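Look over the sequence and the structure first, then work through the points.

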Amino acid sequence: MIADVLINISFAAGGIIFLLGHLLYDAAFLSESKPSARQVILWLGLSTLMLLPVYLLRDAIGSMINSIGLLLYVSILISTVVFSWSLEKQVFMAALIFAFSDCFLLINNFFHGTVLMRILALLIYYGSLLLYGAALWQRNYRA
C-alpha cells in the first residue's frame with residue numbers, strides 16, 4: 001500500500017518499494033524451497049532476454065539510469081515468478097498475477113497509459129495478494 005501511494009508522488013520511490021516487496025517475496029519463497037538449477041537458468045535467461053526490448057524502447061524509457069532500473073526491476077519480477085513455481089499452485093499464480101500488475105504499471109508509466117490501466121493494475125495486484133493469502137490460510141488451517 002505504501003508503494004501505491006508513493007508511486008503517485010514519485011514513480012521511482014514507489015518502484016523501489018515495490019522492488020523491495022518482490023525481494024521479500026523472493027526471500028520467503030527461497031526459504032521454503034531452494035531453486036533448482038533449471039529455475040536459476042530460466043531466471044537468468046529470461047532476464048537476459050529483457051535486454052533486447054529495453055534497448056529497443058530506450059527512447060520511451062528515457063535515461064540510461066531508467067533503463068538499468070527497469071532491467072533490475074524486471075529481473076526481480078521474473079525471479080519472483082520463477083522461484084514460486086515449485087510451491088503451491090495458488091502461490092505461483094499469485095506471484096504471476098503480481099508480476100502482471102506491475103507490468104501494467106510499467107506500461108502505464110512509460111507509455112502514457114490511462115487511469116483505467118492504473119485501476120486494472122491495482123485490482124490485479126490486490127487480487128494476487130488475496131490469492132496468496134488464501135494459499136497461506138489453506139496451508140495453515142487445513143483440516
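**Helix H2 against helix H7**

Phe11, Phe18, His22, Tyr25 and Phe29 in H2 meet Val91, Ala95, Phe98, Asp102, Leu105, Leu106, Asn109 and Phe110 in H7. By class, this contact of H2 with H7 has 10 nonpolar, two polar and one charged residues. Keep in mind that the model is predicted. Two packed helices are described by the angle between their axes and the distance between the axes.

- The axes of H2 and H7 come within 12 Å and cross at roughly 165 degrees.
- That angle is over 145 degrees, so H2 is roughly antiparallel to H7.
- The crossing of H2 and H7 is left-handed.

**Helix H2 against helix H6**

- H2 covers residues 11-32, and H6 covers residues 64-84.
- Their axes come within 9 Å and cross at roughly 25 degrees.
- The angle is under 35 degrees, so H2 and H6 are roughly parallel to each other.
- H2 passes H6 in a left-handed crossing.
- On the H2 side, the contact with H6 uses Gly15, Phe18, Leu19, His22, Leu23, Tyr25, Asp26, Phe29 and Leu30.
- On the H6 side, the partners are Leu72, Tyr73, Ile76, Leu77, Ser79, Thr80, Phe83 and Ser84.
- The contact of H2 with H6 has 11 nonpolar, five polar and one charged residues.

**Helix H6 against helix H7**

- How far apart are the axes of H6 and H7, and at what angle do they pack? The axes are 8 Å apart, and the angle is about 160 degrees.
- That makes H6 roughly antiparallel to H7.
- The crossing in which H6 passes H7 is left-handed.
- H6 brings Leu70, Tyr73, Val74, Leu77, Thr80, Val81 and Ser84 to this contact.
- H7 meets them with Val91, Phe92, Ala95, Leu96, Ala99, Asp102, Cys103, Leu106 and Phe110.
- By class, the contact of H6 with H7 has 13 nonpolar, two polar and one charged residues.

Next comes the empty space. Rolling a probe the size of a water molecule over the atoms shows where empty space is left.

- How many cavities of 30 Å³ or more does the count give? The count comes to two.
- The largest cavity holds about 40 Å³ of space.
- Its lining is made of Tyr25, Phe29, Ala94, Ala95, Phe98, Ser128, Leu129 and Tyr132.
- H2, H7 (89-110) and H8 (115-141) each supply at least two residues of that lining.
- The lining of the largest cavity has seven nonpolar, one polar and no charged residues.
- The second largest cavity holds about 30 Å³ of space.
- Asp4, Phe18, Ser101, Asp102, Leu105, Ala121, Leu122 and Tyr125 line the second largest cavity.
- H7 and H8 are the elements that give two or more residues to the lining of the second largest cavity.
- By class, the lining of the second largest cavity has five nonpolar, one polar and two charged residues.

**Open spaces: the pockets**

- The largest pocket has a volume of about 360 Å³.
- It is lined by 17 residues. Nearest its centre lie Phe11, Ala12, Gly15, Gly69 and Leu70.
- H2, H6 and H7 are the elements that give two or more residues to the lining of the largest pocket.
- The lining of the largest pocket has 13 nonpolar, three polar and one charged residues.
- The second largest pocket has a volume of about 220 Å³.
- Which of its 13 lining residues are closest to the centre of the second largest pocket? They are Met50, Leu57, Leu70, Leu106 and Phe111.
- H4 (51-56), H6 and H7 are the elements that give two or more residues to the lining of the second largest pocket.
- H7 gives the largest share of that lining, with four residues.
- By class, the lining of the second largest pocket has 13 nonpolar, no polar and no charged residues.

**Residues to find again**

- Tyr25 and Phe29 of H2 meet H7, and both also line the largest cavity.
- Phe18 of H2 meets H6, and Phe18 also lines the second largest cavity.
- Leu70 of H6 is part of the contact with H7. Leu70 is also among the residues nearest the centre of the largest pocket.

Methods: Residues numbered from 1 in each chain as written. Predicted model: local features only at pLDDT ≥ 70, side-chain atom pairs only at ≥ 80, totals over all residues. Heavy atoms only, no water. Axes fitted to C-alpha atoms, helices over the stretch in contact; angles between N-to-C directions. Parallel < 35°, antiparallel > 145°, perpendicular 65-115°, else oblique. Left-handed = near helix turned anticlockwise from the far one by under 90°. Contact = heavy atoms within 4.5 Å. Nonpolar A, V, L, I, M, F, W, Y, C, P; charged D, E, K, R; others polar. 1 Å grid on protein atoms, 1.4 Å probe; cavity = no way out; pocket = protein on both sides within 12 Å on 5 of 7 lines; lining within 4 Å. Points joined across faces, edges and corners; volume = space filled by probe spheres on them.
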